[in-house]
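I set out to record what I looked up in this structure, entry by entry. My notes follow the order in which I checked each feature.

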Amino acid sequence: MASPCISQCKLDGSGRYCTGCLRTLDEIRGWSRADNSQKRAALARIAALSQARASIRQLACQQCGTHFRCGDGGRDGACWCSDLPPLLPATGGGDCLCPACLQQRLSV
């Protein structure tokens, strides 16, 4: 099974995955040793991530006004907020908070 590498190798801001092929560092390192079921699982995750990335939004935090990206930057390329414990409602019915404000709200 061919590698999904597109020779545009660059790590995302979190240093967890490649922004070119969307593989995690572990997937990249282990690709040549992975069996076909592991490769299919990685490709399925990449396909789902590609669809999710289409919905990445540029937002301004309702609390502090900081501009941030909603929809990426977390583990395995998921949204950064999925790495945090759930907090409902996040902003009292509004849109997302920036990472710093959401982390602050979690610590209260």
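**Entry 1: Charged pairs**

I found that the side chains of Asp26 and Arg29 meet in a salt bridge, with 2.9 Å from N to O. I noted the rule for a salt bridge: a side-chain nitrogen of Lys or Arg lies within 4 Å of a carboxyl oxygen of Asp or Glu. Because Asp26 and Arg29 are 3 residues apart in helix H1, about one helical turn separates them. Both Asp26 and Arg29 are exposed; for accessibility I used relative accessible area, where buried is under 20%, exposed is over 50% and partly exposed is in between (1.4 Å probe, protein chains only).

I recorded that this is a predicted model, in which local features need pLDDT of at least 70 and side-chain atom pairs count only at pLDDT 80 or more, while totals for chains, interfaces and linings use all residues. Residues are numbered from 1 along each chain as its sequence is written, and side-chain values use heavy atoms, with hydrogens and water left out.

How many salt bridges does the rule give? The count comes to 3. In general, side chains of opposite charge can pair when their charged atoms come close.

I looked next at Arg45 and Glu27, whose side chains meet in a salt bridge of 2.6 Å, N to O. Arg45 lies in helix H2 (residues 36-53) and Glu27 in helix H1, so the pair ties together parts that are 18 residues apart in sequence. Are Arg45 and Glu27 buried or exposed? Both Arg45 and Glu27 are buried, and for Glu27 the relative accessibility is 17%. Glu27 belongs to helix H1, which covers residues 25-30. Setting aside residues up to four places away in sequence, I listed Leu22, Ala42 and Arg45 as the residues that Glu27 touches; contact means heavy atoms within 4.5 Å.

I then turned to Arg16 and Asp83, whose side chains form a salt bridge of 3.3 Å, N to O. This pair links distant parts of the chain, 67 residues apart, with Arg16 in the segment before H1 and Asp83 in the loop between S2 and H3. Arg16 is partly exposed at 34% relative accessibility, and Asp83 is partly exposed at 24%.

**Entry 2: The chain as a whole**

I counted 3 helices and 2 strands in the protein chain. Helices (H or I, at least four residues) and strands (E, at least two) are DSSP runs, numbered from the N terminus. From the N terminus on, the elements run α-α-β-β-α. The chain has 108 residues, of which 31% count as buried. Among contacts between residues at least 6 apart in sequence, 40% join residues at least 24 apart.

**Entry 3: Rings and the nonpolar core**

I searched for aromatic pairs and the count came to 1. Phe68 and Trp80 form this pair, which is edge-to-face, at 6.0 Å centre to centre and 75° between the planes. The rule pairs rings of Phe, Tyr and Trp (its six-membered ring) if their centres lie within 6.5 Å; planes under 30 degrees apart count as stacked, over 60 as edge-to-face and the rest as tilted. Phe68 lies in strand S2 (residues 67-70) and Trp80 in the loop between S2 and helix H3 (99-107), so the pair ties together parts that are 12 residues apart in sequence. Phe68 is buried at 7% relative accessible area, and Trp80 is buried at 13%.

Which residues make up the largest nonpolar core? I noted 10 residues in all, among them Phe68, Trp80, Cys98 and Leu102. S2 and H3 each supply at least two residues of this core. A nonpolar core is a set of buried Ala, Val, Leu, Ile, Met, Phe, Trp, Tyr and Cys residues joined through side-chain atoms within 4.5 Å.

**Entry 4: Backbone angles**

I noted that most residues other than glycine have a negative phi, and most peptide bonds are trans. Ser7 has a positive phi of about 55° although it is not a glycine, and Leu22 has a positive phi of about 70°. Ser7 is exposed, with 64% relative accessible area, whereas Leu22 is buried at 7%.
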